[in-house]
Amino acid sequence: MRVLIVGGGITGTSLAILLARAGMTVDVAERRPEWSVLGSGITLQGNALRVLRELGVWDQVRSKGYAFDSVAIRTVDGRLITEQDDIRSGGPDLPATLGMFRPDLCAILVDAAERAGARLMLGTTVTSVDPVRFSDGTTGDYDLVIGADGINSSVRAMLGIDTRPRPVGIGAWRVHARRPKSVERTEFVLGGPCYLAGYCPTSEDTLYAYLLEEAQDRTSLAPAEYATAMRALAEPYGGPWDDIKQDITGSAPINYTWFESLLVERPWNRGNVVIMGDAAHACPPTLAQGAAQCLEDSLVFAELLRERGTADQTLFDAFTERRFDRVRTIVEGSVQIAHWEMHPGPDADIAGLMGRIAVAMSDRP
């Protein structure tokens, strides 16, 4: 079977690993000319770690990242309010959570895909999926085409699916910084000038910190001005933030993005072309489940394709039947938590909802 995967992110590379190992001919078309990744850190819950173990890259991920099993909430001035054990949704033999530098995760997956035998085509844009045409004018003959090209998927548009991402109303500042020795897990602050201030360790030496504000048009800011804006927002926060603020400088890797959500109704395919990952469902990172759901998509689809041996409508229907309700729970839950962060009130139960979803994610996808 000849398979084309459009997009070399987490969904595309993890699927390439599984399908190439199963003996399929796999091409991955990635529009970027090199493996550069926007972002600072990524938080991986246990169910994501479970898939990474099945991909055979868990040892590498564990050595690069920072694992922990609890979560805490602090006051604006840094005092500890509460701490609790996190749910090990990947099973008792995996950590509850692991933070790592996002480019490190992508590099591990790219390397594993190449070693599995997938052909990675950098700087290649797919201009048509039926028939398959590439930006250099060449064509391709494939039994199956998979759109794993993210929330603004061009494959989704080529299929005539007009579902588009919706802004949630939150803008996120993120910085990759040194880890104070006191930071050994994810911790949040609810209050202060931001909806939420938090951080997650990404290695023995690093963390990523984030500040959530009302979404604003920040395009007029030059990159050098990002540090000034983020540092001003961070100023009231104490405790570990006193150390983190020292690294919010003009040379720090800082980015600003809006939270968005997306859920494409079934079916996710048109003929032998199917979308998955963020191209089909995307959520704000309030539950730290975006990457996990992309990884689960890849695992489930590869499992079903290996079982059936052919890409027909029964395969696509079985895939969406396995995945749709699960990802809808994540998308809706993530948006609800974002709403509670923006509009706190007596009915807001952020911890309770996060716990219930973590329990649900303990079941295999």
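Reader: Before we start, when do two strands pair here?
Author: Two strands pair if DSSP finds at least two bridges between them. Bear in mind that this is a predicted model.

Reader: Fine. How do S1 and S2 pair, then, parallel or antiparallel?
Author: Parallel. S1 covers residues 2-6 and S2 covers residues 25-30, and five bridges link them.

Reader: Which residue in S2 is the bridge partner of Ile5?
Author: Val28. Val6, in turn, stands opposite Ala29 in S2.

Reader: How many residues of S1 are buried?
Author: Four of the five, so S1 is largely enclosed by the rest of the structure.

Reader: What sheet do S1 and S2 belong to?
Author: An open sheet of six strands. The order is S8-S2-S1-S12-S19-S18, and the pairing is mixed.

Reader: Which strands are at the edges?
Author: S8 (119-122) and S18 (269-270). Each of them pairs on one side only.

Reader: What does Arg31 touch, leaving out residues up to four places away in sequence?
Author: Gly123, Thr124 and Thr125.

Reader: And how far apart are Arg31 and Ser251?
Author: 28 Å in space, C-alpha to C-alpha. In sequence they are 220 residues apart.

Reader: Switching to the three-stranded sheet. What is its order?
Author: S9-S10-S11, open, with antiparallel pairing. S9 and S11 (139-140) stand at the edges with a single partner strand each, so one side of each has no neighbour in the sheet.

Reader: How many bridges join S9 to S10?
Author: Three, between S9 (residues 126-129) and S10 (residues 132-134). Val126 stands opposite Phe134 in S10.

Reader: And S10 to S11, how many there?
Author: Two, again with the strands running antiparallel. Val132 stands opposite Gly140 in S11.

Reader: Where is Pro267, and is its bond from Arg266 cis or trans?
Author: Pro267 is in the loop between strand S17 (254-263) and S18. The bond from Arg266 is cis, with omega near 0°.

Reader: What about phi? What is the value for Ala288?
Author: Near 55°, which is positive in a residue other than glycine. Most residues other than glycine have a negative phi.

Reader: Where does Ala288 lie, and is it buried or exposed?
Author: Ala288 is in the loop between strand S20 (281-282) and H8. Its relative accessibility is 17%, so Ala288 counts as buried; the cut-off is under 20%.

Reader: On to H8. At what angle does H8 pack with H2?
Author: About 40°, with the axes 8 Å apart. H2 is residues 46-54 and H8 is residues 290-308. The two helices are therefore oblique to each other. Their crossing is left-handed.

Reader: Which residues make that contact?
Author: From H2, Asn47, Ala48, Arg50, Val51, Leu52 and Glu54. From H8, Ala292, Gln293, Leu295, Glu296 and Leu299. By class, the contact has six nonpolar, two polar and three charged residues.

Reader: How many residues of H2 are buried?
Author: Seven of the nine, so H2 is largely enclosed by the rest of the structure. Among them are Gly46, Leu49 and Arg50.

Reader: What happens just after H2?
Author: Gly56 takes a positive phi of about 85° there.

Reader: Last one. How do H9 and H10 cross?
Author: At roughly 165°, with their axes coming within 10 Å. H9 is residues 313-342 and H10 is residues 350-361. They are therefore roughly antiparallel, and the crossing is left-handed.

Reader: Which residues meet there?
Author: In H9, the contact includes Ile330, Gly333, Ile337 and Trp340. In H10, the contact includes Leu353, Met354 and Ile357. The whole contact divides into nine nonpolar, three polar and two charged residues.

Note on methods: Residues are numbered from 1 along each chain as its sequence is written. This is a predicted model: local features need pLDDT of at least 70, side-chain atom pairs count only at pLDDT 80 or more; totals for chains, interfaces and linings use all residues. Side-chain values use heavy atoms; hydrogens and water are left out. Axes are lines fitted to C-alpha atoms, for helices over the stretch in contact, and angles run from 0 to 180 degrees between N-to-C directions. Angles under 35 degrees count as roughly parallel, over 145 as roughly antiparallel, 65 to 115 as roughly perpendicular and the rest as oblique. A crossing is left-handed if the near helix is turned anticlockwise from the far one by less than a right angle, and right-handed if clockwise. Contact means heavy atoms within 4.5 Å. Ala, Val, Leu, Ile, Met, Phe, Trp, Tyr, Cys and Pro count as nonpolar, Asp, Glu, Lys and Arg as charged, and the others, Gly among them, as polar. Buried means under 20% relative accessible area, exposed over 50%, partly exposed in between (1.4 Å probe, protein chains only).
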